[in-house]
Amino acid sequence: MSHEAALHNHEGHESHGHDDHGHHEHHDTFLTKYVFSQDHKMIAKQFLITGMVWAVLGGLMSVLFRLQLGYPDSSFPWLESLLGKWAKGGQITPAAYYALVTTHGTVLVFFVLTAGLSGTFANFLIPLQIGARDMASPFMNMLSYWFFFTASMVMLSSLFVETGPFSGGWTAYPPLSALHDASPGSKTGMDLWLISMALFVVSSLLGGLNYIATILNMRTKGMTMTRLPLTIWALFFTAVLGVLSFPVLLSGLILLIFDRNFGTSFYLSDIFVNGVGALSNEGGSAILYQHLFWFLGHPEVYIILLPALGMVSEIISVNSRKPIFGYMAMLGSLFSIAILAFLVWAHHMFVTGLNPFLGSVFVLLTLLIAIPSGIKVFNWLTTLWRGNIRFTPGMLFAIGFVSLFISGGLTGIWLGNAALDIYLHDSYFVVAHFHIVMGVASMFGMFAGVYHWYPKMYGRYLNNSLGYLHFWITFAGAYLIFWPMHYQGLAGMPRRYFDFSIWESFKQFADLNRFISTVAMIVFATQLLFLINFFYSIFKGRKVTVLNPWEANTLEWTTPIRPGHGNWPGEIPEVHRWPYDYGKDGHDFIPQNTPVGEDETGTH
Amino acid sequence: MSLILSVAIIVFIFVVIFQIAKASEYVSILKGEEASRQQNNKINGFLMVAFLVLGFVGIYVCNKIYYGKTQLAQGAASVQGEKVDEMLFITLIVTGIVFVITQFLLFWFAYKYQEDKNRKIFFFTHSTKLELLWTAIPAIALTILVVFGLRNWFFFTSEAPKNALVVEVTGKQFGWIFRYPGKDAVFGKKYYKNIDPATNSVGIVWDDTYSKDDILTEQTMYVVKGTPIKLILGSRDVIHDVGLTHFRLKMDAVPGIPTTMWFTPLYTTKEMREKTGNPNFSYEISCDQMCGNGHYSMKGIIEVVDQEEYDMWMAKQKPQYFTAFPEKDPTAVPVAAADTTAKATTAKM
């Protein structure tokens, strides 16, 4: 039914815009086609490009604060021209350093790896891979983007406030974040941060509800739940996690807004601020915020990771020319990761004075996650085994993802064990762990997705050689940056330190810090190369001339090379099989819409 | 100037790379898609093994250079810390084995099974036996780690022994305040509204008789080697964290909610100086919870000394009560009295 509706809607559009912009392919005005578009593919591109802008800004911020960490004694006059009073004499001030660290974290976690990753690929792939003309509610989908855009603008504006953007870390723990006088960054900058995050939660809920509704209701004929590509399953669990956990964050943030501005004491108690004196707040709990925050915060890690897990499964299978090994086990592990994601949040709080017994329960549940994660890794390895691998740039990034997922996942076993966390907590070991497993790995999933689906997005290929160069430098660079950080962590070096020179225990890594900063700059420059490739190829890339360039089974490759709004010009294809019939009965690949042959061996 | 130059160089490098990449794309079109894909496969397949080999070499080199600079090389300085180190090694071995095997297989398979026109893939969709195997093995390994971990965890978080030396630690932006209970071994009550940065930095309630002998110090805390030390942590403003790298412990200092930790130091500061060969060594307290712009400079020192030296140090400390109310200080009375008599005499004269 809803397919029909979308189709009618689409036709309605055509007749509407006919008179003034007849020469456009879809008879839309510029505004409805590129700006306030309701086409899921365009919205996906909007999410992607906004995400990319934020990735560049967030990456640039990391380069700036790495400059401080790597070259604490040098002064860079151009920094002063760029940052003004925040880099007096060419050296970043502590206030600027903390603002950069905080914004880097917030932006990359939420704007790039949540909106940029699942916003892009859920929008792009869900209708195309399940065989739907658009999302359940294209209008809500459009709203989801524009809420994200507004959130972006508010966050961006906070960078230009006189007292600076928020600077208390992306987790925004009160009382630091609640008290205007505790830090300059906790003044107007924090209000803007909160508004931006609240808008972002709305965006993410609108998107998530839409993804769930679409996946559950709008699958084409024959597309049973167990015939869905793993990408869709991953995006489905991602959306469920978001819908169930983001409201908790929002409630936490609202209480924080009340504490900041309306004199309540949800998080505040027994506080004496230097220069201000004793506050009247009593009876609140600063730890309550951490529970509310991490109840989102931990599922958030999987919101970031799951889409990458799904896309990597798909891309590895396609490019190994071999079915994904253990589809049901992959599904089961996604499901158990999604459940466990809600039951482990307090492992971020082992050293807050948490009841030790409660801590032990969270140790157990946290380490349980290693089991489904292990299943995924072994299944990917078995998928590669005796395959026939094509190293497309997308496949390289997928393999890189698996490597990083292993490396970063294993250190999770260290940190999830409270008795080790009590030493490693908030050290560079943690920085290394989550950057590898959540930051870089998910970024690799995103790159894999972009390289793999770029032909479908723009009808052109990205330049292959640049893709290879991009992969190898980024991959080697990621390890060079984050591997040695484990050693810094094992020296107890705390994260979020502006300068280590006054510390007898931590100052022995000056040369290593310089090395890491240098590699970080090279890796950042390489990402610019990717950007050039991306935008150049939109207009000048090699044209896609075949419907199915990767010879893949999923439905998106049955659409025209440049699908219009509505995706399939005629009937939506019917699905007869699972998406992983590669190398079956001597056929290299059998698309999902191919009817089951008479003499075919067991079908899925 | 140098900025413009370096930007120009970077742009130049970009342009060159970009032109080469564009040219290689034309070449691959001329060669045909099949042929160029096979060539790319060969190169990337080789790079996979190269990465594997170089990666392991890199890990070896990295370990060689930096292991000596970690705390593990130095050894832990508390009973608890030694257990943490022991567990670190157990965990390292377990995860290390998994790491080597899986990374090796990943890159080896990628190399070995790169596209070959003659290969027929093995249509292998699932195997319950295999899947159960790699559910069970990690489960067993994890059980071992959890058992070790929780045994230590419950030890670390257990009640401190009765004979423990108790010190109250209060964090503030950006420094540490230490309070000793004095001769009566009981802390006087405190209330945050009594805080006066000059004379009463933690807000002691002076009406409480237990408070009269409480001793306050800042920056440096003295404790005794071999004696369990119990710290009662709190904060005056935002959340801080008492990070004790050498003792391998840390715990948040939260405003309004007291937390505790305890440990038994094994070496005095002097012994550690000899052990590490670093004459500047000291047990540093690092704040490990983002607490504002001075977070990175929030340092405290723990002086671990033997009992004798501790007693000598303690004898020199004056209860804070007398700093707050100098007129009540019995040791100061003669001076004060002398003063008043002197004044009185001058007045008379």
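**Exercise 1.** In which sense do E6(B) and E9(B) pair, and over how many bridges?

*Solution.* Keep in mind that you're looking at a predicted model. Start with the two strands: E6(B) and E9(B) run antiparallel, and 3 bridges join them. Now pick out one residue. B:Val242 has B:Cys287, in E9(B), as its bridge partner.

**Exercise 2.** Work out which strands stand at the edges of the open sheet in chain B, and why one side of each has no neighbour.

*Solution.* First, write down the order of the 5 strands: E4-E10-E9-E6-E7, with mixed pairing. Next, look at the two ends. Strand E4 (220–224) and E7 of chain B each have a single partner strand, so one side of each is left without a neighbour in the sheet. Last, check the twist, which averages 25° from one strand to the next.

**Exercise 3.** Describe helix H5 of chain A: its span, its bend and its surroundings.

*Solution.* Begin with the span. Helix H5 (residues 94–130) of chain A has 37 residues and covers 50 Å from first C-alpha to last, close to the expected 54 Å. Then find the kink: H5(A) bends by about 35° at A:Leu108. Just past the helix, A:Gly131 has a positive phi of about 80°.

**Exercise 4.** Find how many residues of chain B touch chain A, and which element gives the largest share.

*Solution.* Count first: 101 residues of chain B contact 104 residues of chain A. On the chain B side, H5(B) supplies the largest share, 14 residues. Sorted by type, that side has 48 nonpolar, 33 polar and 20 charged residues.

Conventions:
Residues are numbered from 1 along each chain as its sequence is written. Chains are lettered from A and ligands numbered from 1 in the order in which they are written. This is a predicted model: local features need pLDDT of at least 70, side-chain atom pairs count only at pLDDT 80 or more; totals for chains, interfaces and linings use all residues. Two residues are in contact if their C-beta atoms, placed from the backbone, lie within 7 Å. Helices (H or I, at least four residues) and strands (E, at least two) are DSSP runs, numbered from the N terminus. Ala, Val, Leu, Ile, Met, Phe, Trp, Tyr, Cys and Pro count as nonpolar, Asp, Glu, Lys and Arg as charged, and the others, Gly among them, as polar. The expected span of a helix is 1.5 Å times one less than its number of residues. The bend at a residue is the angle between axes fitted to the seven residues ending there and the seven starting there. A residue is buried if 20 or more other C-beta atoms lie within 10 Å of its own, exposed if 12 or fewer, and partly exposed in between; C-beta atoms are placed from the backbone. Two strands pair if DSSP finds at least two bridges between them. Axes are lines fitted to C-alpha atoms, for helices over the stretch in contact, and angles run from 0 to 180 degrees between N-to-C directions.
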